Amino acid sequence: MSDLIQLEKRGHIAILTINNPPANTWTAESLPALAETIRALNEDADIFALVVTGQGEKFFSAGADLKTFADGDKARANEMAQLFGEAFSALTAFRGVSIAAVNGYAMGGGLECALACDIRVAEEHAQMALPEASVGLLPCAGGTQNLPWVVGEGWAKRMILCGERVSADKALQIGLVEEVVASGQGLEKALELAEMACKQSPSSIARCKSLVMSARDGRSHSDGWRMERELFVELFSTEDQKEGVNAFLDKRKPEWKNR
């Protein structure tokens, strides 16, 4: 575990803070630490939801430190691209619900980190952009793939090809974030959503998430319906299915086992 990644657990919720001030940039140390942290959380049956935020009040994350690429070293570029890809792929594959509390600037790899989460909440002063092409680079951690899915091709092209930066309000308008809150309230709102997720069956959530994400793979509608039916039946081999139905019938809160 790196000091550049802080982890706190509150009940069934994990809070991961990007801790590399002043701009919370990602490094060759913090990216593998993120992937390792996600793998450990996936093995922790008590964790149902994850909130990702940035240290401080100004930056969620400014992405990579451009000094890393100043000398044009192709080997270093390849290493960093692989590290970014592995880290954010791990975040996308987190089995529970992941929520980005965007508490400031989310630029380049910072926005790509937020895009790897299931839900995004932005504080009103937040700014978001994928400015890589303005410095001769391109988004290499899912930006060109995830952003069009979230906001549509037109706005993805405006942000990537034209370098357009969007405010929190504009991000809400185009669907880049699900909610905008007052400055300083992002983590609180993200935790509120995480608590809502924790009331759901974690066994169900993992399967629902895989079904929703599979829609990005270009499967036919009928194939998606088939997968729904198969995973629905699969839930009947879990303890959570029995607990959920019987808790409802007994008029009590379920006690999820995540198995």
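In which handedness of crossing does α1 pass α2? The analysis rests on a predicted model, in which local features need pLDDT of at least 70 and side-chain atom pairs count only at pLDDT 80 or more, whereas totals for chains, interfaces and linings use all residues. Residues are numbered from 1 along each chain as its sequence is written, and side-chain values use heavy atoms, with hydrogens and water left out.

Helix α1 (residues 30-43) and helix α2 (residues 74-92) pack at an angle of about 25°, their axes lying 8 Å apart; helices are DSSP runs of H or I with at least four residues, numbered from the N terminus, and axes are lines fitted to C-alpha atoms over the stretch in contact, with angles running from 0 to 180 degrees between N-to-C directions. That angle makes α1 roughly parallel to α2, a term applied to angles under 35 degrees. The crossing of α1 past α2 is left-handed, the near helix being turned anticlockwise from the far one by less than a right angle. To the contact (heavy atoms within 4.5 Å), α1 contributes Leu31, Pro32, Leu34, Ala35 and Ile38, and α2 contributes residues including Met80, Leu83, Phe84 and Glu86.

The protein chain is divided into domain 1 (5-198) and domain 2 (200-250), with bounds that come from an automatic or database domain assignment. Their centres, taken over C-alpha atoms, are separated by 27 Å, and the contact takes 14 residues from domain 1 and 8 residues from domain 2. The area buried between the two domains is about 860 Å², of which carbon and sulfur atoms give 55%; buried area is the accessible area (1.4 Å probe) that two parts lose on being put together, summed over both. Phe48, Arg95 and Trp149 supply 45% of the area that domain 1 buries against domain 2, more than any other three residues.

Key: Helix = DSSP H or I, 4+ residues; strand = E, 2+ residues; numbered from the N terminus. Parallel < 35°, antiparallel > 145°, perpendicular 65-115°, else oblique.
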